[in-house]
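Take a look at the chain below. This report covers its overall size and then its charged side chains.

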Amino acid sequence: MPKPDIEVLDDGDAYPYSSHISVAGTELQLGDLLLVFDSPDDNGVSFFERVYGFTWPGIITHVVDGPVPAEFHNFEDFAADLDSGKFAVASKREQTSFFVDEDTVRTITLYRYQYQGGWQPIVIDERRDPLENTSFNESITLYEDGEQVIEELLGTSSPEEKQEVEHIREFLRSAGYQLDPISDSDE
């Protein structure tokens with residue numbers, strides 16, 4: 001299989017030094033999410049991989065909340081898997097990190113998965129020790145729409161966690177969500 005067209009989309013000198021590239025017409029940035037399906041006809045995602053870096057022969061990813069910490073996809077196979085529907089890319093839209101308490105940092109990342117029928121928000125919610133890079137609690141949730149994202153993220157915080165709620169509200173606003181004025185009146 002011939003090597004697909006690879007284009008640098010940022011100011012990197014070459015794609016291994018870049019954070020934003022295009023592979024066979026599909027844009028990829030560091031931090032984007034690969035949705036991996038068992039087969040092209042399957043609608044259920046087998047697992048998720050976060051784009052970690054680019055090298056001369058391919059793409060390095062990390063499996064999110066899975067048994068295999070890292071994967072490597074050469075550009076030829078990656079382009080073929082995209083074309084066949086075995087892989088899909090969800091672009092990273094917004095991310096925030098904040099202290100929940102002195103022992104826990106929470107990171108929320110919002111992705112947007114574009115497909116033939118529209119788009120779907122995906123949220124990865126991670127908690128980790130402030131001095132560690134590895135999460136001790138990580139969840140991935142696929143939502144039907146933005147309203148469900150707002151309800152879930154604001155609904156998981158108790159009123160005592162006022163600072164956490166404010167971080168989540170700011171995150172949602174930055175992501176372009178319109179918050180109900182009633183939910184903002186608690187501020």
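With 187 residues, a compact globule would have a radius of gyration near 16 Å, and the chain agrees with 18 Å (taken over C-alpha atoms; the rule is 2.2 Å times the number of residues to the power 0.38). This is a predicted model: local features need pLDDT of at least 70, side-chain atom pairs count only at pLDDT 80 or more, and totals for chains, interfaces and linings use all residues. Residues are numbered from 1 along each chain as its sequence is written, and side-chain values use heavy atoms, without hydrogens or water.

The chain has 4 helices and 11 strands (DSSP runs: H or I of at least four residues for helices, E of at least two for strands, numbered from the N terminus). Of its 187 residues, 39% are buried (under 20% relative accessible area; exposed is over 50%, partly exposed in between; 1.4 Å probe, protein chains only).

Side chains of opposite charge can pair when their charged atoms come close. The whole structure holds 6 salt bridges (a side-chain nitrogen of Lys or Arg within 4 Å of a carboxyl oxygen of Asp or Glu). Three of them are listed here.

| Salt bridge | N to O distance |
|---|---|
| R106 and D125 | 2.6 Å |
| R173 and E170 | 3.7 Å |
| R173 and E166 | 3.8 Å |

R106 sits in strand β9 and D125 in strand β10, 19 residues apart. Both residues are buried.

R173 and E170 share helix α3, 3 residues apart. R173 is partly exposed, at 31% relative accessible area. E170 is partly exposed too, at 43%.
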